[in-house]
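User: Could you walk me through this one? I'm new to reading structures, so please take it slowly.

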Amino acid sequence: MAELAPKTSPRISFVSLGCPKALVDSERIITRLRAEGYELSRGHDGADLVIVNTCGFLDSAKAESLSAIGEALAENGKVVVTGCMGAEPEQIRAVHPSVLAISGPQQYESVLAAVHEAVPPQHDPFLDLVPEHGIKLTPRHYAYLKISEGCNNRCTFCIIPKLRGDLVSRPLAEVMREAERLVAAGVKELLVISQDTSAYGVDIKYAESLWRDRERSARFFDLAEALGELGAWVRLHYVYPYPHVDRVMDLMASGKVLPYLDIPFQHASPTVLKRMKRPASQEKTLARVQAWRAAVPDLTLRSTFIVGFPGETEAEFTELLDFLKEAELDRVGCFKFEPVAGAPANALADPVPDEVKAERYDRFMKTQQAISARRLKRKVGTRQQVIIDSVGPAGAIGRTKGDAPEIDGRVHIASRRPLRVGEITSVKIEAADAYDLRGTAVGF
Ligand code: SF4
């Protein structure tokens, strides 16, 4: 498109920070801008305006957002700010009073209005062709599919409900139409995201909508089942261990949905979970994990945990380590608790001193690394389906069904025939370390 565009097309430089949910917001804004004839600029320098989509989840993310805004102001001068940190405009104005406009997450109209005011659109319907599936910021072969906005939970360490509001689910047919368009455009892997995927549809009372000649309910299982009909890899993120998640195991066992679940447990001690006000904290998680593994032996479980939550005692931390050893999760991320301005957890029982947090973090990581390495080693000698993410002179890099992009491990692949980005190929796994696998492409 770049060479076809008229020289007068206004150019926008876009910075997208934060989580996959923010990335989806960025994609929507960019799609709208491109539909209106705006071009994307590679740098701030040659752009008419810069949009910074900020993250406000942790204080460190806020600092990164402020510095990105500062850079954009220094290099360009015309800056529109949106995203999670935009929900607290006074914090941005205090550091960068000259930004043109500030809006919160999903306030697409406000962003567009600010852009229109600063750099009016030059619409040319002939040239402003936007692909039917919108503009994606992820590589063409995978895409994030956002099924809802907001969250009905009130975890004490989190301000997302404050920033994004209560749960608002998209009707099933609308999600499916987007998913179909993506698959038709070449997407091979759909990553289902939201704040709480297992709560999908609660707010709209599981309303039915028509897709492929059948009324379907906006329920977690029905959505997973419908997505499984598209023939793409379907990966479920941010699922909580509620009893109704058990049904999805059948879809995994029959190959309709990837045998992968991303469950942010955050802790395992019932008392800490209670202080965190975590969803599903009363569930018998360990028993559930074991039953899932029995139903789907190749299930990959990914999770994240927080160590050093206010008031965490040594005994509570030991409960967490015991859980790790018993649950044998495959992929685990760990964060040291960081107070987030406005989160109720800050006012909870005594903060854990930094050196204790650091020491617990090390013990946690050491325990989990041994588990992850052991579980990954079980793949050595097997054949795995691998989706190719990149191809270079040293070989190709891909992911198994057990690896989500950007957060999990990779497979380094040797191949006698050229591999293409986005293709799914069979790889004989020959070696493993704590995170990654190595193997050779087999079969033609
Ligand atoms: S589930 Fe908890 S941590 Fe996740 S967005 Fe909702 S309130 Fe925040």
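User: Which residues is Phe-335 in contact with, leaving aside its neighbours within four places in sequence?

Analyst: Leaving out those neighbours, Phe-335 is in contact with Thr-304, Phe-305, Ile-306 and Val-307, where contact means heavy atoms within 4.5 Å. Please keep in mind that this is a predicted model, in which local features need pLDDT of at least 70 and side-chain atom pairs count only at pLDDT 80 or more, while totals for chains, interfaces and linings use all residues. Residues are numbered from 1 along each chain as its sequence is written, and side-chain values use heavy atoms, with hydrogens and water left out.

User: Where is Phe-335 found?

Analyst: Phe-335 is found in strand E15; helices (H or I, at least four residues) and strands (E, at least two) are DSSP runs, numbered from the N terminus. Phe-335 counts as partly exposed because its relative accessibility is 48%, given that buried means under 20% relative accessible area, exposed means over 50% and partly exposed lies in between (1.4 Å probe, protein chains only).

User: And how far apart in space are Phe-335 and Val-421?

Analyst: From C-alpha to C-alpha, Phe-335 and Val-421 are 32 Å apart in space, and in sequence they are 86 residues apart.

User: What about Pro-297 and Ala-253, how far apart are they?

Analyst: Pro-297 and Ala-253 are 44 residues apart in sequence, and their C-alpha atoms are 8.6 Å apart in space. Pro-297 has its place in the loop between helix H10 (285–295) and strand E14 (300–307), and at 58% relative accessibility it counts as exposed.

User: Is Gln-266 buried or exposed?

Analyst: Gln-266 is buried, with a relative accessible area of 10%. Another residue with a positive phi that is not a glycine is Glu-328, at about 50 degrees, and Glu-328 sits in the loop between helix H11 (314–327) and strand E15 (331–336). Glu-328 counts as partly exposed, at 22% relative accessibility.

User: Which residues are around the ligand?

Analyst: They are Cys-151, Asn-153, Cys-155, Phe-157, Cys-158, Ile-160, Pro-161, Gln-195, Tyr-240 and Arg-278, each with a heavy atom within 4 Å of the ligand. This shell divides into seven nonpolar, two polar and one charged; Ala, Val, Leu, Ile, Met, Phe, Trp, Tyr, Cys and Pro count as nonpolar, Asp, Glu, Lys and Arg as charged, and the others, Gly among them, as polar.

User: Last topic, the whole chain: how many helices and strands are there?

Analyst: The protein chain has twelve helices and 20 strands, and of its 444 residues 55% count as buried. Its C-alpha atoms fill a box of roughly 60 × 60 × 50 Å along the principal axes. Among contacts between residues at least 6 apart in sequence, 73% join residues at least 24 apart.
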